[in-house]
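Dear colleague,

Please find the structure below, handed over for your study. A short account of the findings follows it.

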Amino acid sequence: MESKAPPCHPTYDLKAVIKLALAEDSADKGDVTSMATIPAQMEVEAQFLAKEDGIIAGIALAEMIFHEVDPSLKVEWCQKDGDHVHKGLRLGKVYGRAHSIVVAERVVLNFMQRMSGIATLTKAMADAASPAVILETRKTAPGLRLVDKWAVLIGGGKNHRLGLFDMVLIKDNHVSIAGGITKALKSTDHYLLQNNIQMEVEVETRTLEEVKEVLEYASQNKTSLTRIMLDNMVIPQSNGDVDVSMLREAVRMIDGRFETEASGNVTLDTVHQIGQTGVTYISSGALTHSVRALDISLKIDTELALEVGRRTNRA
């Protein structure tokens with residue numbers, strides 16, 4: 001799998017996010033423990049170890065962090081972003097000033113573990129969702145929007161909109177305030193035309209009646225609408241299964257005239273069934289709002305780390 005570049009955002013400053021993460025760790029005094037215990041010019045080699053199976057992500061970002069802390073550090077990887085790693089695998093190594101490595105360590109691992117957790121779940125979801133495409137949402141960690149969405153790309157998903165600025169998404173609150181779906185669509189089309197804006201437009205529907213209303217509006221008006229969201233049309237059953245018949249019917253009604261996106265009740269257990277209904281996309285907030293980090297460590301004494309790992313069943 002080739003390395004995935006981060007999503008393109010007009011104002012997001014990835015370097016500033018890295019600096020902020022480093023500053024919150026070192027503050028105005030620096031790493032007092034390292035200064036107290038490690039000779040200033042000592043050089044060491046530290047190895048990255050995977051402590052569980054998953055998809056690795058954040059390697060490109062880790063290199064940026066090491067470079068920010070100390071450009072003289074040398075980093076070598078045996079894996080690349082998007083690769084599958086197994087428990088006990090040595091992913092790569094970093095060599096240089098011990099102080100610099102220890103200062104960068106936690107920030108690098110915090111990003112890599114979070115990104116790898118997102119990428120691992122995304123890969124599992126994307127494989128199960130096929131032929132539908134898996135998307136994340138705006139339910140990302142505040143300040144880490146680009147990082148979280150980058151991890152989704154590495155895991156084999158696609159990005160939904162990056163924010164409020166790059167796509168019109170008419171949701172339930174917009175519909176309520178505008179006075180109904182038809183009015184919301186009409187004013188959107190008018191706004192885009194008046195301001196000479198070309199942009200994807202998606203509208204959220206919650207019932208088959210709302211889907212019908214959208215289709216009626218689109219058949220009678222020139223519209224910028226590109227996608228219809230089918231929200232909570234996956235109905236959980238008492239036996240733990242899901243009923244996707246309403247979703248399937250909505251997809252049938254739309255009949256390829258617009259892209260479709262299923263949202264709500266999307267889990268690793270339900271996503272395969274949802275993907276079989278013919279929807280174009282399946283969006284899942286869980287990819288980024290409930291991240292379970294993938295366990296990765298950076299160790300100078302690798303042999304002892306592996307011995308301890310085996311003792312605790314983490315290597």
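**Findings**

Glu210 is found in helix α8, which spans residues 208-220; helices here are DSSP runs of H or I with at least four residues, strands are runs of E with at least two, and both are numbered from the N terminus. The model is a predicted one, in which local features need pLDDT of at least 70, side-chain atom pairs count only at pLDDT 80 or more, and totals for chains, interfaces and linings use all residues. Residues are numbered from 1 along each chain as its sequence is written, and side-chain values use heavy atoms, with hydrogens and water left out.

Glu210 has a relative accessible area of 15% and is therefore buried (buried is under 20%, exposed over 50%, partly exposed in between, with a 1.4 Å probe and protein chains only). Apart from neighbours within four places in sequence, Glu210 is in contact with Ile181, Glu204 and Thr205, contact being heavy atoms within 4.5 Å. Leu230 lies 20 residues from Glu210 along the chain, and their C-alpha atoms are separated by 9.7 Å.

In helix α3 (residues 59-69), the buried residues are Ile59, Leu61, Ala62, Ile65 and Phe66. They cover an arc of only 155° around the axis, so they sit on the same side of α3; the arc is that of the directions from the helix axis to the C-beta atoms.

UniProt, in an unreviewed entry, lists residues 31-116 as "domain: Quinolinate phosphoribosyl transferase N-terminal"; such annotations may be inferred rather than shown by experiment, their feature names are shortened, and positions follow the numbering used here. Over residues 31-116 the chain is 42% helix and 28% strand, with the end C-alpha atoms 26 Å apart.

Yours sincerely
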